[in-house]
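Me: Let's talk this chain through and settle the terms as we go.

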Amino acid sequence: MSIKPKPPVETGSYDLELFFELSADLFCIAGFDGYFKKINPSVSRLLGYSNEELFSRPINEFIHPDDREITSSYRDKIINGVPLLNFENRYVTKKGETVWLSWTSMPSDNQKLVYAIAKNITHQKKLEESRNEYLGKLTKVNSELKQFSYTASHDLRSPAGSLITAIHLLDTTGIEDEETLQIIKMIKMGAENLKEKLNNHVDELKQKEVLNIEIEEVNLEECLTKVTCSIELLIRDSKTAIETDFTELETIRFSKNYLSSIFLNLVTNSIKYARPEASPYISIHSKKADGIPQLIFSDNGQGFDMAKVKNKIFAFNQTFHNHSDSKGIGLYLVYNHVTSLGGQIAVESKPGEGTTFTISFKD
């Protein structure tokens, strides 16, 4: 006797309203007019406002002031029929606390409504911020210790050399006391030994720095492709266009890890600091200038006022735009990656006209 399987339960028999009410994620239905039309309990529970307060005020009033402009620009895109995926912004609770939310929103043009789901990623953001801050501090301390070691070794070589010169100029022909001559000889040997050790120490520091970093022939196109694949969703959602030309110089001798980090920080910065009215456009090309390998990276973003930022643009923990995710670490790392391997980086920028980075690698 065979038992026939039961047919699946019809969708209508499920209590979808219960699913809406019980979800730990924030479920929202908003109108094109910028007001909440329906929310689940998770929204009021997280933000601390009553439903009446949330329904009676524009959504924009609950958003962190620094995120309102960029949120409005993306809301305009949703109203024009463009879905929003993994968009992150900050809200302010009734107690004045800041919470991070990651949104996925789908528009319904016929109903003039937006159906949205948000996840609370505040804990994740705090961990990320702590990690970035710790990484930046470690990098800074390491750089300062290395610089101190170089400086101390270099500066001590000069007095050691002067001491040796002075001893050589010393006329010992008139000195008959054997003990005095022996002391002078010991001073001379000690000074020469000190200078030799300092020279060896500087050489060892340089060798260790190079040995600890794998230098190889890196294909620029392949390296960039791996980076862009890792942030493909960010590039697609932001409608970023990237144009490349590596025909003049296809490879460079550099650290693959460092180059990946340089590409990642520059690309994500261009997207992060894009102008709200224009989709990000990035141009990357390579060339040889007087035999020196160069990488030219340009974008059409917000740019900098170079007269104001001056030499602070690559400094640790320096931010120049009111962006919610600015940490002041990306360009600091880019600069250290380039200069630690003997390269140089120059910046040209104007507010509202984008930025161009010219990286010159050690030949």
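Predicted model: local features only at pLDDT ≥ 70, side-chain atom pairs only at ≥ 80, totals over all residues.

Reply: Contact first: two residues touch when they have heavy atoms within 4.5 Å. Numbering starts from 1 along each chain as its sequence is written, and side-chain values use heavy atoms, leaving out hydrogens and water.

Me: Fine. What does L84 touch, not counting residues up to four places away in sequence?
Reply: With those sequence neighbours left out, L84 touches Y74, I78, W103, T104 and S105. L84 itself lies in strand β3; strands are DSSP E runs of at least two residues, helices are H or I runs of at least four, and both are numbered from the N terminus.

Me: Buried or exposed, L84?
Reply: L84 counts as buried, because its relative accessibility is 10%. The scale is relative accessible area with a 1.4 Å probe and protein chains only: under 20% is buried, over 50% exposed, and in between partly exposed.

Me: How far apart are L84 and S238 in sequence and in space?
Reply: They are 154 residues apart along the chain, but C-alpha to C-alpha the gap is 9.6 Å.

Me: Which sheet does β3 belong to?
Reply: β3 is in an open sheet of 5 strands, ordered β2-β1-β5-β4-β3, with antiparallel pairing. Pairing takes at least two DSSP bridges between two strands. The edges are β2 (36–39) and β3 (84–92), and each of these pairs on one side only. From one strand to the next the twist averages 30 degrees; angles run from 0 to 180 degrees between N-to-C directions, and axes are lines fitted to C-alpha atoms, for helices over the stretch in contact.

Me: How many bridges join β1 to β2?
Reply: 3, and these strands run antiparallel. C28 stands opposite I39 in β2.

Me: What does helix α4 touch on that sheet?
Reply: Helix α4 (residues 68–79) packs on the sheet against β3, β4 (98–108) and β5 (113–120), and its direction makes about 140 degrees with that of β3. T71 is placed in this helix. T71 is at 7% relative accessibility, so it counts as buried. Leaving out residues up to four places away in sequence, T71 touches I63, F87 and N89.

Me: Zooming out, how many helices and strands are there?
Reply: The protein has 11 helices and 12 strands. Of its 363 residues, 38% count as buried. Among contacts with a separation of 6 or more, 58% come from residues 24 or more positions apart.

Me: Who partners with β12 in it, residue by residue?
Reply: Strand β10 (residues 292–299) and β12 pair antiparallel over 6 bridges. L295 has I359 as its bridge partner in β12, and F297 has F357. V347 also stands opposite F357. β11 and β12 (residues 355–360) are antiparallel over 6 bridges too, with E348 opposite T356.

Me: What sits between β11 and β12?
Reply: The two make a hairpin with 5 residues between them, and G352 in the turn has a positive phi of about 80 degrees.

Me: Which face of β11 is covered?
Reply: In β11 (residues 344–349), I345, V347 and S349 form the covered face, while Q344, A346 and E348 are on the uncovered one. In a regular strand, side chains alternate between the two faces of the sheet.

Me: At what angle do α9 and α11 pack?
Reply: About 150 degrees, with the axes of α9 (residues 256–272) and α11 (residues 330–340) 9 Å apart. That makes α9 roughly antiparallel to α11, as angles over 145 degrees count that way.

Me: Which residues of α9 and α11 meet?
Reply: From α9, Y258, S261, I262, N265, L266 and N269 meet G330, L331, L333, V334, H337, V338 and S340 of α11.

Conventions: Parallel < 35°, antiparallel > 145°, perpendicular 65-115°, else oblique.
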